[in-house]
Amino acid sequence: MLTLYDFELSGHAHRARLMLGLLQLPYDKVIVNLAQGEHKQPAFRAINPFTQVPVLEDDGLVIRDSIAIITHLANNYDPSWNPQSRDLQAQIQQWLALAARNLAEGPARARLITVFGAKFDQAATIDASHSMLAVIDVLLEGKQWMVGERATIADVACYSYIAHAPEGKVELDSYNNILRWLNNVEQLDGFVAMQATPLKVEAL
Ligand SMILES: N[C@@H](CCC(=O)N[C@@H](CS)C(=O)NCC(=O)O)C(=O)O
């Protein structure tokens, strides 16, 4: 039995929802309303002392962190999403690291500023996002997927915050390879979209 502790507006949580959808795995959902501070309450602290979503429970195993969750799901339910050959695995790890650090400090942060009113330097965050996206666009030249010849957890890890970068005023119009790649992900069986968030919500 799988249970996801989720919040609809979270791109990190969307990574987990997307992986569950692509693997077509049934799961229970527990909404943790970040805007209302539910993640700071003792009940959720007991599940994740870092007070963040997403968290996945899989038959008694509690996994926090979106990258750990999608890796666990792939490894245990369809390992073809996380190929282990030397070359492919090295490339996948590079994209997972980028998702955990550069995407978090770039497009995810830019969206935190506009959508949640977070206090970061907006111009510097948008600039950093474009520097990174320009490199990603070159790396995706002539490629359908980030790694190898099929979709992997690298694509799942990177999708949510790149697709929703415009919500943080990081426009994607000039990145043709990225736009093509986003469309490829959106055509996959079991794809689930993240709700667009044009409205500003309370700071977390
Ligand atoms: N490294 C974590 C980061 C998760 C994260 O930043 N979650 C945000 C929502 S997008 C959160 O729960 N924020 C509430 C808080 O930090 O207080 C992951 O990949 O799951």
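A crossing of two helices is called left-handed if the near helix is turned anticlockwise from the far one by less than a right angle. Keep that in mind as you look at this predicted model, where the crossing of helices α5 and α6 is left-handed.

- Two packed helices are described by the angle between their axes and the distance between the axes.
- Here, α5 covers residues 107-116 and α6 covers residues 122-139; their axes lie 8 Å apart and pack at an angle of about 150 degrees.
- Angles over 145 degrees count as roughly antiparallel, and α5 and α6 are therefore roughly antiparallel to each other.
- On the α5 side, the contact is made by Pro107, Arg109, Ala110 and Ile113, while α6 brings Gln122, Thr125, Ile126 and Ser129.
- Sorted by class, this contact has 4 nonpolar, 3 polar and 1 charged residues.

**Where the domains touch**

- Contact between the domains involves 13 residues of domain 1 and 13 residues of domain 2.
- On the domain 1 side, the elements giving two or more residues are α1 (11-22) and α3 (66-77).
- Helix α1 gives the most to this side, with 6 residues.
- By class, the residues on the domain 1 side are 7 nonpolar, 4 polar and 2 charged.

Methods:
Residues are numbered from 1 along each chain as its sequence is written. This is a predicted model: local features need pLDDT of at least 70, side-chain atom pairs count only at pLDDT 80 or more; totals for chains, interfaces and linings use all residues. Axes are lines fitted to C-alpha atoms, for helices over the stretch in contact, and angles run from 0 to 180 degrees between N-to-C directions. Helices (H or I, at least four residues) and strands (E, at least two) are DSSP runs, numbered from the N terminus. Angles under 35 degrees count as roughly parallel, over 145 as roughly antiparallel, 65 to 115 as roughly perpendicular and the rest as oblique. Two residues are in contact if their C-beta atoms, placed from the backbone, lie within 7 Å. Ala, Val, Leu, Ile, Met, Phe, Trp, Tyr, Cys and Pro count as nonpolar, Asp, Glu, Lys and Arg as charged, and the others, Gly among them, as polar.
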